[in-house]
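I am opening a notebook on this structure and will write down what I look up as I go.

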2 protein chains.
Amino acid sequence: MSLPANPATPGRVIFIGAGPGSADLITLRGARALGQAQVVLFDALTDPSLRDFAPQALWLDVGKRGFTAATAQARINALLVQHAASGAVVARLKGGDPSIFGRLEEELQALAEAGIASEVIPGVTAALAAAAATQRPLTRRGQGRSLALSTAMTAELELRASQRADTEVFYMAGRQLADLSRRLQDAGWAGDTPVNVVSRAGWPDQLMSDHCVSTLPAACVMHAGRPAVVTVGVGAAPVCRLLAAPTATAVEGHPASAAFPP
Amino acid sequence: MSLPANPATPGRVIFIGAGPGSADLITLRGARALGQAQVVLFDALTDPSLRDFAPQALWLDVGKRGFTAATAQARINALLVQHAASGAVVARLKGGDPSIFGRLEEELQALAEAGIASEVIPGVTAALAAAAATQRPLTRRGQGRSLALSTAMTAELELRASQRADTEVFYMAGRQLADLSRRLQDAGWAGDTPVNVVSRAGWPDQLMSDHCVSTLPAACVMHAGRPAVVTVGVGAAPVCRLLAAPTATAVEGHPASAAFPP
């Protein structure tokens, strides 16, 4: 493969948080860094129109579809090292923020072992995009001062839920909404705790629905096959309803759905 | 005050996450929205060079210095309503992300009561900028799958600490590092748990230092008078050290400091 790189100068890798969804949720720093890249390794969940920021680069799809996770990660690590070692400026474009559920540590480790320099540019993570789209702040002064983020599925493909904080956001929960309802109740969440589900957060076709912990299984239909974040607790409740009736915690058992304009 | 707004058309408010620090950590969407604003209400912690995106607008400093928090918030709510009611497109520029520790709910509530439309554009929150700058992912596959964010100080100015997740990030902890060390141990964190402190995260003059829970008081000198985020647990450890010696949890008791280039 011939690359527009100079093997006489040292290559490097810039990890860039693409943000969650539409290309304009990337940071200015991230967009500018794309413009310097000779090679871009991108994930399945990044917006194709980000290519406009780096038309000069070789774009390589390293989305993990069709591989086992371990195979895919080893291949990504090898590609990063190979292209940077050839002298290229390599952009590693990750959906959301690289430091949250991005397996960044494995790629940093591979580069460190190969003696290749790296930089990380942060991005907007999906929980923040969901909160913005639904206008439901994840913290609420005096009522919700702690926030926990976790994956519903562990690395061993086991479903877990917890009650760590006033508001808890579960990533990658889309396929497990019915099970998640039960696990949340097992973890101590009251059945009438507000839950908000946003799928494709940050994209023009994002969808949201309101539930409570006990009625969460009803969300399966609307969000089927779409990456979703599930917010549970204080931060899931609408601001106005919460403030107008501070003792009411129940929200609609039937999903009140809305599609947001881009 | 004469505003370049048209009282015949309805005004609105766009909440914009400025990101943590340098202006280029704002999203493209946020920068474009600034360009549409006739009035900008900005916080003390936002980069003055963001003015370049909205030279046409009236810029109003609503940083809370010199007011009690309650007075300042009521004044901000009133200014938002007043300017939007006059027909202006108002940008409310908040440091970091509006949905995290931004008191967004109070401003949304004031606008809802006044019947004024609003939109929220997310931003990079300080914990993500600190993780990017130090190259310490907040989640680590198989070792750190949960992350909690909270303020060290409550609304009642009481210092609290907790052990909610594999990695815990405390915002607004800069003045309380010595007390925080004790509270973390009271909350169950082992004294040799890694702690990383980053002050002015996302700015060119950001500083970081490594500690463990028991030696955190030593961070006071370096970070005195600077807004700081404190990361505790798995996500505070350097990637290479952690992977090379997975049983070692102790990091340097003496701060290993570094200033990062912009």
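**Confidence**

What pLDDT does chain A average, and what share of the residues score at least 70? I am working with a predicted model. I find an average pLDDT of 86 for chain A, with 83% of the residues at 70 or above. I then looked up residues 242-262 of chain A, where the pLDDT is below 50. In the model this stretch has 35 contacts beyond near neighbours in sequence. Where pLDDT is low, the predicted coordinates should not be read in detail. I leave those contacts without further comment. For the model I note an ipTM of 0.88 and a pTM of 0.89.

**The two chains**

I laid chain B on chain A and got an RMSD of 0.0 Å, using a turn of 180 degrees and a shift of 0.0 Å along the axis. The two copies are therefore related as by a two-fold rotation axis. I also compared the interface residues: 100% of those in chain B are interface residues in chain A too, so the copies meet through the same surface.

**The five-stranded sheet**

In which order do the strands of the open sheet in chain A run? I read β3-β2-β4-β1-β5, with parallel pairing. At the edges I find β3 (58-61) and β5 (117-121) of chain A; each has a single partner strand, so one side of each lacks a neighbour in the sheet. From one strand to the next the twist averages 20 degrees.

I looked at one pair in detail. Strand β2(A), residues 39-42, pairs with β3(A) in the parallel sense over four bridges. Opposite Val40(A) I find Trp59(A) in β3(A).

Next I checked helix α1(A), residues 28-36, which packs on the sheet. I list its contacts as β1 (12-17), β2, β4 (89-94) and β5 of chain A. The direction of α1(A) makes about 145 degrees with that of β1(A).

The spacing is what I would look for: an α-helix has 3.6 residues a turn, so residues three or four places apart point the same way.

Key:
Residues numbered from 1 in each chain as written. Chains lettered and ligands numbered in written order. Predicted model: local features only at pLDDT ≥ 70, side-chain atom pairs only at ≥ 80, totals over all residues. Least-squares fit on C-alpha atoms with pLDDT ≥ 70 in both. Contact = placed C-beta atoms within 7 Å. pLDDT = per-residue confidence, 0-100. Pairing = 2+ DSSP bridges. Helix = DSSP H or I, 4+ residues; strand = E, 2+ residues; numbered from the N terminus. Axes fitted to C-alpha atoms, helices over the stretch in contact; angles between N-to-C directions.
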